[in-house]
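Thanks, everyone. I will go through one structure this morning and keep to the geometry.

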Amino acid sequence: MQKKNDFFRRLAAGAVNLVSVACLSMISFRVLASYDVNIPQPASPIAEQIYGLHMYILWVCATIFVVVFGFMFYSIFKFRKSNGAKPDVNFHESTLIEIIWTIIPFVILIAMAVPATKTILDMKDTSSPDMTVKVTGFQWGWRYDYSAEDFGFYSNLTTPWSQIGQPGTGPLEKQGDDYLLEVDHPLVVPVSKRIRLLVTSNDVIHGWYVPQLGINQYGIPGFIKDVWFKADRTGTYKGQCSQICGKLHGYMPITVVVKSEAEYAKWLVESKTKWSTKVSVSAAPAVSTPAEEDNKVFTMVDAREKGEKLYAANCVACHQPNGKGMPPAFPSLAGSKIVLGPSDQQINIVLNGKPGTAMQSFARLSNSEIAALITFTKNSFGNSVGKVIQPADIKAARK
Amino acid sequence: MTIATAHDHTHDHSHDHAPGGLMRYFTTTNHKDIGTMYLWFAFTMFFIGGAMALAIRAELFQPGLQYLQPEFFNSLTTVHALVMIFGAVMPAFVGFANWLIPMQIGAADMAFPRMNNWSFWILIPAAILLFATFFVPGGAAASGWTLYPPLVIQGGIGVDMSILALHLMGASSIMGSINIITTLLNLRAPGMTLMKMPLFCWTWLITAYLLIATMPVLAGAITMLLTDRHFGTSFFNAAGGGDPTMFMHIFWFFGHPEVYILILPAFGIVSSIIPAFARKPLFGYASMVYATGSIAILSFIVWGHHMFTVGMPAAGQLFFMYATMLIAVPTGVKIFNWIATMWRGSLTFETPMLFCIGFLCMFTLGGFSGLVLAIVAVDITLHNTYYVVAHFHYVLFPGAIWGLTAAVYFYLPKFTGKMYNETLGKWHFWISAIAFNVTFFPQHFLGLAGMPRRIPDYALQYAEWNAISTIGAFALGFSQLIFLYNVVTTIRSGEKAKDRQWEGADSLEWTHLPSPVPYHTFETPPLLK
């Protein structure tokens, strides 16, 4: 019996040792291609340094672990009572040993701190950038402003809600390769240039996090913080919001496309005309539609068709596909007093948001889009106001 | 001989007139009753908090939304943390402090028995307030347990109720701490000098000072949130001249010492158990005391490492990085001392010892990932990812929870006079140890690969490790049911335990008192050499 127990103990202790060593080594070797176990491949000099620092510290720690716990497991096997070990009760104090094992870790820490310090100083040096982009987080997406070029645009998740699904039913559609990491308009920058980002937020704290570029920076409402990167090579780099920011925190991805200088120049010309902020007069974010859209006159059918698509892209997460919302945090639109009542009240909420709630401002949508959206809500989910809101109404309300 | 005397004492307590039944517990001023209530309260919270964690893991089993609305998911992560920290771990440690401190220093009871009763009973309304938030308009707080504004300002009345619950729990902790400090400094038996106290008393003395220093800071921070929410102040609102970053500074000035509050008493427990099963005295007792003190002092100057991504200047980042790395030195000393205690001992591996060895290995792994996170540049790529989740679960689960579990197995024979089932205890350990690593080790990989924390849904490249982690989490939850079963059957029908169940245990509760310990102990101080 005693012998059997003994065997079991040895086996189990051995297993623990094996598992920890195996797991530790898995961090550094990419044993299984589909199972990511390390920091993604760096694409900027800072990310490169981060990667190197991490590997260095990982190996130092793994070595210390093996040595220190080597002593422990040696004790476990050698000094067990069942082997007839007698306790050496006088071995319980030694100033010399205490001093030695205080100094050695201290020296190891200094060896870690020196390269770490160098990286921090490089990372914080945001001087002499080649270009600057302002990054603004909002619930729940990003806006990029190329202030020197007078244009800016929003970047939102494009994964359809049918792939994400609903609690109870789960996803209704197969998830695509870029599930939750795809956006409509990525941040575009040229390769091998020092890019300075000014990061801030419109509402709550967000985190602009792209690991391959070595950046993770909170956007703090009312404050602007700067970071920089220089992409080594062209390509697409993905990230996500890193700081919890409410309901859709998991649904505000970041995509950075790094282009060659020539392609970037081409993109710049297109974007300047598409997203110009030069004519913007109001404090509200720029409107991205040409003037003729504002003069359009919707029919009910047109407006509802367009509105339904916009509802699915912008509103459905909170107000739900059936318009019933999730009261009280996300009120129902079906039978809502505001939706059924005079349109100026609803236009005001859509344009300016409702302070103190998760209802954000949708002023970034164009006049015709907001008109279609409001028309749709007023004539769906059992609501039948019958009125068609026109882009001109929204234009008037913006002033 | 001393034990026999204590036995005789138990029979002549006619002067008690204690009410029976439930009223006994409402009105009790006995440190053992109050300790028991703390421990059962903590155990209950542990299972409720654990159920929340399993709901979180169930949602994360696969990409897409299967079971939970994102807002409710956020509430679960928030309340899971609050319940585990303020409802499970802290009250459990106070429960052990109540039971053990008077017995270990040879005192009759705690210094302030009535305040002791009060500090337990205000936990009940606090817990009710916290759980009731799930049923009020707007739901429970969903901002993460760090309660960062402006997000927390958007919450409903649930946030206000959580703030009040935290105030009550904070008041309870402060009262408990005052009681513990006063008891330790004034009620020691003659001859029990400070440097003769068991290390559990020392770590609690230091923890109590940490609590008194930091709980009012938390109270201040959440009161400012409350006035920002309702009375038009702008402490944390930039539009009114405030700064959201200031909340982070105040919160983490509390929050970092708080993590040592959650681990130092476990250090004390492990320092009692390892010598008992190595059958030789703790190695380097004095250096253990000094190391604990150094950790406590350093814990006040490292809070900034939770905020490396707010955009603090390089000087600030360097200071907080160096200070944080420095904590590795006294923590290392403690690990080395424990291993040296085992060296040249005569080891046996009963359940409490297994949990302590598990504690040593896993806590050290958590310490190493903490060192990785201390390096500012590396933290930039790991901040708010699952790497951080893995890190603090490695220090808190095998650290605080296994420390407590070891203490439960170690002291059950003393508290109840009955012996637990050793086979079940070993099953509990091995399933926990394996399941814990299956749950949390893959989260390092997820974090390194860039998966943010507190998200209900994730990109496809994270699917495999998340599925494995969820399977581990359910096994881990199951293993705690073995624990519950073992504790309950021990109390109901365990075999009789010996007065000195562990031959290597040498503090007063083992050498001077019978098992089970009588209701009143050390009414006259024990005679110490």
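This is a predicted model: local features need pLDDT of at least 70, side-chain atom pairs count only at pLDDT 80 or more; totals for chains, interfaces and linings use all residues.

B:Arg344 is not a glycine, yet its phi is positive, about 55°. Is B:Arg344 buried or exposed? B:Arg344 is buried, because 20 other C-beta atoms lie within 10 Å, and the cut-off for buried is 20 or more.

A:Asp150 belongs to the loop between strand 2 and strand 3 (151-155) of chain A. A:Asp150 has 15 C-beta neighbours inside 10 Å and therefore counts as partly exposed.

As background, most residues other than glycine have a negative phi, and most peptide bonds are trans.

In chain A, the bond from A:Gln139 to A:Trp140 is cis, with omega near 5°. A:Trp140 is in the loop joining strand 1 (131-138) to strand 2 (141-146) of chain A. In chain B, the bond from B:Pro149 to B:Pro150 is cis, with omega near 0°, and B:Pro150 is in the loop between helix 6 (123-132) and helix 7 (157-186) of chain B.

Now helix packing. How are helix 16 and helix 18 of chain B oriented to each other? Helix 16 (residues 386-416) and helix 18 (residues 463-493) of chain B pack at about 10°, with axes 11 Å apart. They are therefore roughly parallel, since angles under 35 degrees count as such. Helix 16 of chain B brings B:Thr405, B:Val408, B:Leu412 and B:Thr416 to the contact, and helix 18 of chain B brings B:Phe483, B:Val487, B:Thr490 and B:Ile491. By class, that contact has 5 nonpolar, 3 polar and no charged residues.

Helix 11 of chain A covers residues 367-378 and spans 17 Å between its first and last C-alpha, close to the 16 Å expected. Of its 12 residues, 12 are buried, including A:Glu369 and A:Lys378.

Last, the two chains together. The contact involves 98 residues of chain A and 90 residues of chain B. Helix 3 of chain A gives the most to the chain A side, with 15 residues. That side divides into 57 nonpolar, 28 polar and 13 charged residues.

Methods. Residues are numbered from 1 along each chain as its sequence is written. Chains are lettered from A and ligands numbered from 1 in the order in which they are written. Two residues are in contact if their C-beta atoms, placed from the backbone, lie within 7 Å. Helices (H or I, at least four residues) and strands (E, at least two) are DSSP runs, numbered from the N terminus. Ala, Val, Leu, Ile, Met, Phe, Trp, Tyr, Cys and Pro count as nonpolar, Asp, Glu, Lys and Arg as charged, and the others, Gly among them, as polar. The expected span of a helix is 1.5 Å times one less than its number of residues. Axes are lines fitted to C-alpha atoms, for helices over the stretch in contact, and angles run from 0 to 180 degrees between N-to-C directions. Angles under 35 degrees count as roughly parallel, over 145 as roughly antiparallel, 65 to 115 as roughly perpendicular and the rest as oblique.
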